[in-house]
Structures are given as C-alpha cells and as structure tokens.
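Please find below a colleague's note on the structure shown here.

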Amino acid sequence: MSGRHATHEHATGHAGDSTALARYAARIEALARELGLAFPRVDFELVPDSFMAEIAIYGLPVRMRHWSFGVRYIHQLVHQKMGNSHIFEVMFPGDPCHAYMAEHNSVAENTLVTAHVLGHADFASRNELFLRFGAMAGKNILEQSAARARRIEAALQRHGQDQVEAVLDAALALEQHVDIHAALHRPPYPDTGGAADAGQGADAGDAGPFARRYRRLPGEAAALAAHEAVRGRLAQRPLLPPQAEYDVLWFIARYGPELADWERDIFLAVREESFYFYPVYACQIMNEGWASYWHARLLREARFLPPELYLSAIKSHSDVVRPYAGEHQLALAVNPYHLGFCMWERIIERQGLARAREICRDDDDFSFIRNYLDAELADRLGLFVHESRRDGETRLASRELAAIREAILAPKYNYGAPCIAVTLLNDDGSLVLRHDHQRDGRGLDLERAQQVLAYIARVWRRPVTLHTADFRGTPKVLNSKKDGVPEPPAPTPAPVPR
C-alpha cells in the first residue's frame, strides 16, 4: 500500500500481524482503484489505544492544550469502560490523507478499517464541500495544527497559563460560531459602510419644496439637528459591523480593541480548524455511509482474503452499521453509519453507481436526507420522532416523513450552534450580540450563556450584551459580569486593522 504501516509488535499480537495487514491492505487499495475509487496517498499508522482516544477527543494528533479536552477525555474513557464506545479509526482528509488505527484491533478489524478509510478518502476527493473547504483551510492539517500548537506553547511561556487560558476559553467556547458561507481568509470591512450610504440618501431627499416645508414644522428642526449629529459620528466611524456578523471568531480577532497579536492568532487558529472540520460535520451521514458501503463491497469482492478473516471482518461490519447498540431492539438516536449505508445501498441499487457519485459530489447531509430519504425507506428502517417530557417520560411524537427528516437534521443546523451574531460595536467599545432564536428554533441555557459572555468579556475587555431567549422562548437580555472572573493583565494595545 502507498501508505505507512507500523511494523512493531501489537499489544495483543505479533509483528507477523502487521505484515499480514500490510499485504491485505495493498491488495485492497489496488481493488479499490479497479472499482473506480479515486483518492490521494493515504498514510496509515497503528497506534496505542490511549493515543487513539486522545486523537478522537482533541480532534487532531497535536493540538493546543486546554482543560476542556481533559474533561472530554475522561468522558470518552467512561463510555469505553461501559462498552458504549469503540474507536476503530480516525481519518484526516488531505493530501496526503492520514489515518490512525488502534493496534489492539484484530487483523480482520483493521482490514475492514483500511477499506473504510479508502471510502472516506474517495468521498473527500469528490465532494464539493470537502474540496472547497480543503482549498481554503489547506490540505496539510496535521502539520498546520502542530505549528499552531507550538506558537501557543510559546505564548504560554511568555504570558503565563492564566492569560493564555483566558483567551482559549473564549475562542473554544465560540469555535462553531463561524460563517461557513464566507471565505476563510476575508478582508476587513471597507471604510465606507452602509450607514454612510444611508446618509447620502437623506441628502437627496431634502432637495424638493415639500422637504423644505416639512423641515419648518414644529419640532422638526431639533430632530434634524439630532439626525445630522448622528450622521456626523457615522462619518467619522462607519457602523460596525455594517450588517449582522455571524462569524463571531473573525470579528473578535479582527476588531478586538485591545487584543495582542498572539491573542488574535489563537482566535484565528481556532477559526481555521473549525473551517477544516465543517465538511466532516455537515456530511457525516453521507460520508460514513459511503465509507461503510465501500468497505462492505471491497471485503465482499476481495477474493484473496482468508474465509475466517472475511467472516470476522463482516461481523465487525454488522456491529458498525446496526441501528441499535448491544441487545437493545430500539434506538432513540440515529446511527449515521446505519442510515447512510442503507441510503447509499438503495441509491446505487436503483439509480446506479454513476448517479451515486454525482450525489456524492454535489450534496451534503441536508440535501441528501431531504432528497433521498423517502417514506418507504423510513418505514423499513423503523424511523420515528420522539419527544421527552420533563417528568422523564419519552413518547412517540410522529412518523411523518417531513418530521423525521427535520428531526435528523435539526441538530446539524448552523454547525450545531445557536445563531449568534455581532450586531453593534458601540462608541465606548462595548459589544452587542443577538441570538436569532426564531431562526434556529432554540432557546439558550442561560447559565452557560452567561459563562460564555464572561469568557468573551475577559478578552474583549469591554462590556458584552447578549439579546436572547430562554428555553420557553421568553426574551432575555444578558450582560457580562465581572463577579468572580479575574481580569488578565491588559497587553500593550495593538492597532486595530482596518
């Protein structure tokens, strides 16, 4: 195989296992290319279980240090000890692609993983969303993230853990608050904003006799004077942002009044990694289903595999794509492997592989589910919508196809985050945020929102206000509080780029 394979002894096997795996993997790659899969070089590496867990939690083999990753790591270990989680592989698209496999897996399991990863690599090389975001974020994510981690480690040495952690608290709390419709590398707002243009429109309206008579009405002189004063301030400083800005990470990095260069670098680093991960998130069902379809097909057509290895690998395949866990016969969450595999299998059977590759190229999970999950398949898969009451009771709410589709997709909307926008940077430097709760259909956990506001205020170093709603939809206004939140030492002010 064109990738690397570790040749050290397994924790539960011997060096011969690695040799056998490398031999099977090379032939599976050749078979994949014969069947039309297209992908760049894939570097495989066998790693210990602990390292696999770290990669899965941190999202990357080398990444910035932060306490929140430790919390997630403990949570993952608890799930693994309870038998609710098993990490077979972690794969990073790019050129080359990087894939990590657990060394405790059997040869059969890692043979399946190899075929699965090749399916992922093929998907990432075809899908327009992966290609567009890959072009923006770069295709060497592992090297880039390691370089960012080194810069943050240097900042830790220079500025101390408390100050660096305060910036990471804010940046990581906002890591999903990016505008995925904008470019990764975007310029600042132009100096002449929409507010100045609106003022020019008012001048044009004053030209006629009616406007002159209107200005002489009682009280209109004072109103006009106030209007002119506002226009004068706007002429000195264009309104920021000129429209609702949903890329909160970008706005803070670009317009933070007292952020030092190293602090801006942390915000931009978190933002760049968010752009890299977005296609993985937005195409999870498609991507996992496509990889599962191809690992099943490659194993089925790999006549060179010993029968006992094939049977063991297919058993692992069944465990991966089953709709429910363990001995349960009912699941209250959709397994993306199972749903995606069933949908692709049906599309290829009915419309052919060429059409499936077009869908693979053009769609994301939103269009995939809405266009290709029909009532017949939803019924066959036993899909339904459930609701949980406050008293703990869970009941069936609907079997309607539209409701099923939207229930699957609702958690994925807006990168899984509430729609928060920066709406105003006031003259005193205070920041106003607004939660568009009608757009995303969700209220906020006010206690957690208050904590995030505290994180933002520590790096913004000015008051921050959030207009939102609670879980009932009741409007709320939250203000950043300094109580119990120590202020980091203010760095030397850096010029705000324009």
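Are F251 and Y255 buried or exposed?

1. In this predicted model, both F251 and Y255 are buried. The two rings have centres 5.1 Å apart and planes at 35 degrees, so they form a tilted pair. Both residues belong to helix α11 (residues 248–255), where they are four residues apart, about one turn of the helix.

2. A search of the whole structure gives 19 aromatic pairs. One of them joins F133 and Y278, a tilted pair at 5.4 Å centre to centre with 40 degrees between the planes. Because F133 lies in helix α5 (residues 128–137) and Y278 in helix α12 (residues 261–282), this pair ties together parts that are 145 residues apart in sequence. F133 and Y278 are both buried.

3. Ring pairs also link several residues into a cluster, made up of W290, Y293, W294, W344, F368 and Y372.

4. Two arginines are placed against rings. R33 lies over the face of F39, at 4.0 Å from the ring centre. The charged end of R439 sits over the ring of Y246, 4.7 Å from its centre.

5. The loop between α11 and α12 contains G256. With a relative accessible area of 0%, G256 is buried. G256 and L431 are 175 residues apart in sequence, yet their C-alpha atoms are 9.8 Å apart in space.

6. Side chains of opposite charge can pair when their charged atoms come close. The search of the whole structure finds 20 salt bridges. Among them is the contact between D247 and R271, at 3.0 Å from N to O. D247 counts as buried at 0% relative accessibility, and R271 counts as buried at 3%.

7. A further salt bridge pairs D43 with R41, with the closest N and O atoms 2.9 Å apart. D43 is buried, at a relative accessible area of 7%, whereas R41 is partly exposed, at 40%.

8. D362 and R361 form a salt bridge in which the closest N and O atoms are 2.6 Å apart. D362 is partly exposed, with a relative accessible area of 44%. R361 likewise counts as partly exposed, at 36% relative accessibility. Elsewhere, salt bridges that share partners join R186, E245, D247 and R271 into one network.

Definitions and conventions: Residues are numbered from 1 along each chain as its sequence is written. This is a predicted model: local features need pLDDT of at least 70, side-chain atom pairs count only at pLDDT 80 or more; totals for chains, interfaces and linings use all residues. Side-chain values use heavy atoms; hydrogens and water are left out. Rings of Phe, Tyr and Trp (its six-membered ring) pair if their centres lie within 6.5 Å; planes under 30 degrees apart count as stacked, over 60 as edge-to-face and the rest as tilted. Helices (H or I, at least four residues) and strands (E, at least two) are DSSP runs, numbered from the N terminus. Buried means under 20% relative accessible area, exposed over 50%, partly exposed in between (1.4 Å probe, protein chains only). A charge sits over a ring if NZ of Lys or CZ of Arg is within 6 Å of the ring centre and within 35 degrees of the ring normal. A salt bridge is a side-chain nitrogen of Lys or Arg within 4 Å of a carboxyl oxygen of Asp or Glu.
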